[in-house]
Amino acid sequence: MLIDETLDEGDTASTTVYEVVVNDEEQYSIWPAEQPVPDGWRTIGFAGPKVEALDHIETVWTDITPLSVRRAGAQSTS
């Protein structure tokens, strides 16, 4: 999985902390730690600079297929 690790304008690794968040479809993203997490997302307990947060996602998100699609596939094969 290729993740864009570029920093946005005004986003520095030394000052911005990101929470790794996940939704009900088990899709991962990052969100600035100082902002409330949007509805439908929850933190997973990892926070850090942008590159570290993205590296963590790359490690834990091994199947990018949404949960509902994985479940539907499992039901059709049983």
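Predicted model: local features only at pLDDT ≥ 70, side-chain atom pairs only at ≥ 80, totals over all residues.
1. At 33% relative accessibility, E26 counts as partly exposed, since the partly exposed class lies between under 20% for buried and over 50% for exposed. E26 belongs to the loop that links β1 and β2. Its phi is near 60°, a positive value in a residue other than glycine. Most residues other than glycine have a negative phi. The loop in question is the turn of a hairpin: β1 and β2 form this hairpin with 4 residues between them.

2. The overall composition may be stated next. The protein chain contains 2 helices and 3 strands, and from the N terminus on the elements follow the order β-β-β-α-α. The chain has 78 residues, of which 22% count as buried. Among contacts between residues at least 6 apart in sequence, 48% join residues at least 24 apart.

3. In general, strands of a sheet pair through backbone hydrogen bonds, either parallel or antiparallel.

4. The pairing of β1 with β2 can be followed residue by residue. Strand β1 covers residues 18–23 and pairs with β2 in the antiparallel sense over 5 bridges. Within this pairing, E19 stands opposite W31 of β2, and V22 has Y28 of β2 as its bridge partner.

5. Is N23 buried or exposed? With a relative accessibility of 11%, N23 counts as buried, because the buried class covers values under 20%. The side chain of N23 reaches the backbone nitrogen of E25 at 2.9 Å. Leaving aside neighbours within four places in sequence, N23 is in contact with G40, W41 and R42.

6. One of its residues is E58. E58 is partly exposed, with a relative accessible area of 35%. Although E58 and Y28 are 30 residues apart in sequence, the distance between their C-alpha atoms is 9.3 Å.

7. Which residues make up the largest nonpolar core? There are 7 of them: Y18, V20, I30, A53, L54, I57 and W61. The elements that give two or more residues to this core are β1 and α1. Of the elements, α1 gives the most, with 3 residues. As a general matter, nonpolar side chains in soluble globular proteins tend to be buried together.

8. Not counting residues up to four places away in sequence, V20 touches Y28, S29, R42, T43, I44, F46, A53, H56 and I57.

9. The segment before β1 contains V17. V17 is partly exposed, with a relative accessible area of 37%. Where residues up to four places away in sequence are not counted, V17 touches W31, P32, A33, E34, A47 and G48. The C-alpha atoms of V17 and P49 are separated by 4.9 Å, while the two residues are 32 residues apart along the chain.

How values were computed. Residues numbered from 1 in each chain as written. Heavy atoms only, no water. Pairing = 2+ DSSP bridges. Buried < 20%, exposed > 50% of the residue type's maximum accessible area, 1.4 Å probe, protein only. Contact = heavy atoms within 4.5 Å. Polar contact = N/O pair within 3.5 Å; in protein donor to acceptor, adjacent residues only side chain to side chain. Core = buried A, V, L, I, M, F, W, Y, C linked by side-chain atoms within 4.5 Å.
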